[in-house]
Every structure is written in structure tokens, then in C-alpha cells.
Amino acid sequence: MASKVKQVEEARAQDQKATQDLDNYRGTIRKISKTVHPFKLDDNKPQDSANVAKELREQAKNIETLACKTRATSLSRDKSSGSEVSEFGKSPRYEQFATVYAIA
């Protein structure tokens, strides 16, 4: 019985972490959307390209950090199940993102 209670507590903790990570991801995506808008949404002035590039690099780092944290969690779970996970940063989509936003 105690092991079932522990499993439920672990599942709840994982769910809370996943929900928090998803909220962080969505917040970052919202920031990127505001950043790439041609005008600042608060004062309707044109965006400065240097500030846009700086903000996109910052948001890319936030996504990379979140992806690494999520990957580490997935790896620890997958090692116990025996499945293989590819290395973060080696995917074609990440490489394309890194090239476009010059974060590599």
C-alpha cells in the first residue's frame, strides 16, 4: 500500500513540474511573438533590430534551458525503461533555429 501512495505522490510531482515547464514554455513563446512583431505593442513604435536580436537570443537560451531540463528528466525516466533518446542540440530543427538566430 505504501508503494502505491509513493507512486501517486511521484506522479503528482511530475505532473506539477510538467505543468510549470509548459507554462514557462508558453510564456517564452508569447515573448518571442511580441518580440518579432514589427511594432512595440506598448507604444506602437517600430522595433529596433538590435533589440529584437538581443531578445531573441535571450528567449532562445530560455527555451534551450527548458529543453535541457526536460531532456534530463526524460533521460532519467527512459534509462529505467531502456529506451534511447537522441542528444539535444543535434536535431536538424535546433540547428536551423540556432543558425537563424545566431545562437550556436
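What share of the contacts in the chain with a separation of 6 or more comes from residues 24 or more positions apart? In this predicted model, where a contact means heavy atoms within 4.5 Å, such residues account for 46% of those contacts. The model is predicted, so local features need pLDDT of at least 70 and side-chain atom pairs count only at pLDDT 80 or more, while totals for chains, interfaces and linings use all residues. Residues are numbered from 1 along each chain as its sequence is written, and side-chain values use heavy atoms, with hydrogens and water left out.

The chain has three helices and zero strands, following the pattern α-α-α along the sequence; helices (H or I, at least four residues) and strands (E, at least two) are DSSP runs, numbered from the N terminus. Of the 104 residues in the chain, 12% are buried, that is, under 20% relative accessible area with a 1.4 Å probe, protein chains only.

Leaving aside residues up to four places away in sequence, glutamine 59 touches Thr28, Lys31 and Ile32.

Helix α2 (49-81) also supplies at least two residues of the lining of the second largest pocket, as does α1 (2-36), and the largest share of that lining, three residues, comes from α2. Among the residues that line this pocket are Lys34, Asp42 and Glu55. A pocket is an open set of points on a 1 Å grid over the protein atoms alone, where a 1.4 Å probe fits, with protein on both sides within 12 Å along at least five of seven lines, and lining residues have an atom within 4 Å of a point.

Terms used. Buried means under 20% relative accessible area, exposed over 50%, partly exposed in between (1.4 Å probe, protein chains only).
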